[in-house]
Each structure stands twice: as C-alpha cells, then as structure tokens.
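Me: I've got a structure to go through with you. Can we take it piece by piece?

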Amino acid sequence: MRKVSILLLLLAFTVSSFAAYYVAGNGTNGNPWCDGKSWQISGSAMTEKDGLWTVTFSSVPVGSYEFKVTDGSSKWFGFTRFSADCSNLYAVSMGSGDSNIGFSLQKQQDVTISYNGTQICLRGSIGNNYPDPSKYAQVGVPSEYEGVMLQAFYWNSNSSTTFSNTKYATLQNYADEIGEHFDLVWLPPSGNGGGVGYYTKCYSNLTSAWGNKEQLQTLISTLHSHNCKVIADIVINHFQSTTGWAKSFATNNFGDYGSFKIESKYICSGDEAATSSSSDSKSLTYGNADTGTNDAGCRDLDHTQEYVQQMCEAYCKWMLNEIGFDGFRYDMTRGYAGVYLSQYNLASEPFFSVSEFWMDDVASVKNHLAETSYNTLAFDFPLKKKISTWKGGSSFSNLKNQGLRSEGLSRFAVTFIDNHDTFHRSDNQSAEFIAYNTDPASKRNEILAANAYILMLPGVPCVFWPHWYTFKNDINWLIQIRKAVGIHSESEVSDESASTNSYSATVTGHNGKAILRMGTARDKTVPIGFYPAYTNDLFDIFTTIEDTSVESVATPSSSPKKLVQDGIFYIERNGQLYTLWGTLVK
C-alpha cells in the first residue's frame, strides 16, 4: 500500500512538473490557436525546461487573438505579467487590471508563449508589430470632419410603416430634407439576399428588399445633388449558398473589375457546412481557419485566400466607381481580421469608412483599429453602452470622457444611440430608447438628450432614422447648432462635471464653443459670453461664435456659411438664410 502511495505521489509530481501551466484563449474550431479550445482553464499545456514553461502553436492564421496563462485550477495571469522586452509581437491590454493579453497577426506564423512564473513572453516565428504609425489613416478617415451621418433605415423598414418605410423610392421623397441637414447617408445592404440583405446571395445583383439597381442609382444621384455622400453597407464576412449548405454559389459579376464565383474551397474550414452533422456539404473541400468570429447563419468567407481578396477588392471598387457610393459601412468585422478591411480600403480608396466591430470595451475596439492601420473609423459601441447605462439608471455619472474619446481616438469614432440591430424592433425586445407600438413622444426628452450628447461632442455622430423621423425639428436644430459652432470629429472637450443628476461639458469647434448641460440638477445659468441655443426639461445648450463669416468644412461643395448679426446666429446655405434651428429667414 505504501509503495502504491509513493508511486501515485511520484506520478502526480511528474504530471505537475510537466504541465503546471496552461494557455487559455479565444480558440475556435479548426484554428490551431489554443488547439481550437475556447477559454478552458486547463486548455493548452505548457512544457517546462530549466524553469521556463513554453507552448508553441503552429501555423496560426492572420487574425486577432487573446489569452492568459493559468495554473489549471483557479489562477489566471494576464497583461500585468506581459513583457515587451522578451516579445516580438505587439500586445495590448484588453481591459483594466490584469486583463487578457490581446495581439494580432498580419501574417500566418507559429506563435510561442513562455512563462517563468514572473513574466509572459509572446513571440512569432516571423514577428510583426503594427505598421508604421506614419502610414496610419491614409484612406476613409477625413480629419477634423464636421459631417453628420443618417442611418436611413431600420430593421424591416423596407416593409414596415412604423416610422415610414425606407425603400429607395420612398427615400427619394425625403432627399431635400435629408440634404439640408446630413452629410453622409448610410443605406441598407444592396445585394440580393435574405435578412433585409445581410445574408447575401449575390453582391452584383442589386435587386433587393429595398428596390432595384435603377432606383438605387437614382437615389444616390439625387442625394449627391444635395451634397450628401452615400455609404454602402458591405457584407463580406459571410455569403449565402444557392443550393444546399455549400453546394453552389451565385456568380458575382463586377464588369470591368472581374467576375467571381465562390466555391466551398473559399469557405472557412470551421464553418458549419464543413462541421455540422446536419450539413449536406461535409464532404466538400474547404479553406483555411477563420480569422475572426464565426457567423452561424451563413458561409464564412476565407479572407486568407488571394481569390477572396481579389473579389472583395473588385466589389468595393465597383460599388464606388460604377454604382456611385462614396464609402462603406463594413458589417460584422469581428468575423475577419482587420488587416483585410484595410487592404480593401487601400485598394478602393473610399472617402469614408466605418467598421461594425461590436465589442463594448474600448481596448478591443482600439486593437481592431490598430489592426486596420486606422484606415477606417469604428462604431463606438463602448460609448453606446454608457449611453444605455445612463438611460437605464437615469444617472449621468458614466458620461464623462467615455468611449473611444477616452483613448484620444475621437477622429475614428462614429457615435450613435441605436441602430437596426440594437433597436427595439419586433423581433428584438431589448433596446432602450424607442419601441414598436409605443408612443415615442413619451421618451422625447431622453431621445433628444442622447442625440444632443453625440451631436455636441467629437466623433462623427450617426442619427438613427426612427429618432430623426419622429423628432425631425428638434434633431435638425441640434445639427444646425453643431455646424454653426463647427464641432468636428477631433474637437477638444472639457468635461466639467458628471454626477448622478447632472453632466456638463464644453466643446471647441472651428467657429466657437458650445456648452452642454444635462440632468435635473444642472446649472441653468447662462454662462458669460454665451447665448442659449436650445433648452428642454432635461438639457440646455449654450453657444458662442466668432462675429465673422466663416465657411464650414462640413459640406464644402455646398459652402454653408455661419453668420452672426446683432448677436443672432444664422446659417447661409444654397443662397438661403436660416436661423440656428433651421427656420428659413424670409
């Protein structure tokens, strides 16, 4: 019995010394990173030699990754133990405290992680830090941009009349009004497919739930005549098969830019078509591991392959140069590595680009932007979360220096309150501000306060169609205030206060300053040298503008001008004079 006990102890000691530490990370099926395991505390075993614990993952594809080292039972060791001195891969903290270690690969390579009980080292067989910062933001990111975006649709608004339908032909009727206030108009996916276009069967077939190619191009032309740039919704993470799970795909014909036909070999190896027991396409040949998060509803494109890259570049060029769009909103960019988004933008050169990288923490979005070499903006989901927290708890304490602004990244932030996915739609009963079959007037002050918050602060604000449709006069007024002051994507902000019952900030624009005060306990005194520009039960805006005529950079082609006469603010646009809140002066 004693010999058995001794043998068991020796065996336990041997096993312990062989695998006392593990690497746990965001592994996915088919990807060698973390052996395909997702955050298992005793996931990928490290081996020990001379007090150094090591594990190597072979041929890890391009993509974004996170990990910690664990003891296999209860302890996790993260970024506070990461050492850049012994690493040749750039890593970032994915949150506060001892958070996950995040890194990106821009070339496929072996990745080795080592740990000596004190510091974690991260090395690649090739090694690559992010590109030279002097090459950042070459396309798609205008500097000090004063423009305001409108999301000109909501889920199922091709058929819903709750806030008007927004098919192409219907939007034609709103073009004059849209052009008077907005600089960017984001349209829904134009490709043929289900899910109002988000499950595309053919990119080049522009007969969709929203209208046909002729109606789309007519709308784009009309919006251009009103000095609006038009943003296409680009869905290149996934593609829908026309036969079975992955047996046949439509041909995408982009004219002079080429014709492309997807086959199963261009679909990621971890896709359900290759792995599900229900799939009728399991025996087909598939591509490499996904470089991002899998989409279960469609076939995930393998962006590591040159053919897929060529197709996406051709699609983007065709959308800009043949169809007439000016920029892109990229859908579900967590689904593929950011380096590819940058590649497609550099190839096509859009005026404006925004990425839907849906993560609530600033570190993750910042890491994604770095992956793209900052050749795009990103929706500020971390800020949206804080706005939702304010509304849900009626506290303003979380509004101070939040979102991408907190990292000095306002230039790359598209700020918003709700969109087609977060919106309280008929099949998504979780949004905060407005709901189907609910009188929106009951939420007027909250909706307008949230819009005032994004419109008076830096970034590129994106107004949601149901909000604008319901409260046009007020939101138009707020937009005019922003443009009169010349608030832009990189405006400086001074947050004076943020408490349970109040928030106050002063923002500096190209033409002057604006003070936003929110909450029931806010100071309502008019500051010296400022004029009241807007007030309601929940917030006030005060502005001061230089007493000169200044051309705005918001929409250069229309040359709107700011005028101050006898202490009253006016905007001159297209030969017409308007008050600050949009009323035509006769």
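Me: Where is V507 found?
Reply: V507 sits in strand β26, residues 503-508. One caveat before we go on: this is a predicted model.

Me: Noted. Is V507 buried or exposed?
Reply: Buried. Its relative accessibility is 2%, and the cut-off for buried is under 20%, so V507 counts as buried.

Me: What does V507 touch, not counting residues up to four places away in sequence?
Reply: V507 touches M456, P458, I487, S491, E492, V493, G512, K513 and A514. Take M456 from that list. M456 and V507 are 51 residues apart along the chain, and their C-alpha atoms are separated by 7.2 Å.

Me: Let's zoom out. How many helices and strands are there in the chain?
Reply: Twelve helices and 33 strands.

Me: And what share of the residues is buried?
Reply: 58% of the 586 residues in the chain.

Me: What about contacts with a separation of 6 or more: what share comes from residues 24 or more positions apart?
Reply: 65% of them.

Me: Helix packing next. At what angle do α10 and α12 pack?
Reply: About 20°, with the axes 10 Å apart. Helix α10 covers residues 444-455, and helix α12 covers residues 472-485. Angles under 35 degrees count as roughly parallel, so α10 and α12 are roughly parallel to each other.

Me: What is the handedness of the α10 and α12 crossing?
Reply: The crossing of α10 and α12 is right-handed.

Me: Which residues meet there, α10 with α12?
Reply: From α10, they are R444, L448, N451, A452, I454 and L455. From α12, they are D474, I475, L478, I479 and R482. The residues of this α10 and α12 contact divide into seven nonpolar, one polar and three charged.

Me: Now α6 and α7. How far apart are their axes?
Reply: The axes of α6 and α7 are 9 Å apart, and the angle is about 45°. Here α6 is residues 306-323 and α7 is residues 338-348. That angle makes α6 oblique to α7.

Me: Handedness of that crossing: left or right?
Reply: The crossing of α6 and α7 is right-handed. On the α6 side, the contact is made by V308, Q309, C312, E313, C316, K317 and L320. On the α7 side, Y340, Q343, Y344, A347 and S348 make it.

Me: How do the residues of that α6 and α7 contact divide?
Reply: Seven nonpolar, three polar and two charged.

Me: Change of topic. How many of the ten residues in α8 are buried?
Reply: Nine of the ten, so α8, residues 362-371, is mostly covered. The buried residues are V362, A363, S364, V365, N367, H368, L369, A370 and E371.

Me: What comes just after α8?
Reply: S373, with a positive phi of about 55°.

Me: Which other residue has a positive phi of about 55° although it is not a glycine?
Reply: A137. Its place is the loop between β10 (120-124) and β11 (149-151). A137 counts as buried, at 17% relative accessibility.

Me: And N401, what phi does it have?
Reply: A positive phi of about 45°, although N401 is not a glycine. N401 lies in the loop between α9 (381-393) and β23 (413-416). With a relative accessible area of 35%, N401 is partly exposed.

Me: Back to strands. Where is V354?
Reply: V354 is in strand β21, residues 352-355. At 0% relative accessibility, V354 counts as buried.

Me: What is V354 in contact with, leaving aside neighbours within four places in sequence?
Reply: V354 is in contact with M149, F328, R329, Y330, T376, L377, A378, F379 and V414.

Me: How far apart are the C-alpha atoms of V354 and T333?
Reply: 9.9 Å, with V354 and T333 21 residues apart along the chain.

Me: Last one. Which strand holds T543?
Reply: Strand β29, residues 539-545. T543 is buried, with a relative accessible area of 0%. T543 and V526 are 17 residues apart in sequence and 9.7 Å apart in space, C-alpha to C-alpha.

How values were computed:
Residues numbered from 1 in each chain as written. Predicted model: local features only at pLDDT ≥ 70, side-chain atom pairs only at ≥ 80, totals over all residues. Heavy atoms only, no water. Axes fitted to C-alpha atoms, helices over the stretch in contact; angles between N-to-C directions. Helix = DSSP H or I, 4+ residues; strand = E, 2+ residues; numbered from the N terminus. Parallel < 35°, antiparallel > 145°, perpendicular 65-115°, else oblique. Left-handed = near helix turned anticlockwise from the far one by under 90°. Contact = heavy atoms within 4.5 Å. Nonpolar A, V, L, I, M, F, W, Y, C, P; charged D, E, K, R; others polar. Buried < 20%, exposed > 50% of the residue type's maximum accessible area, 1.4 Å probe, protein only.
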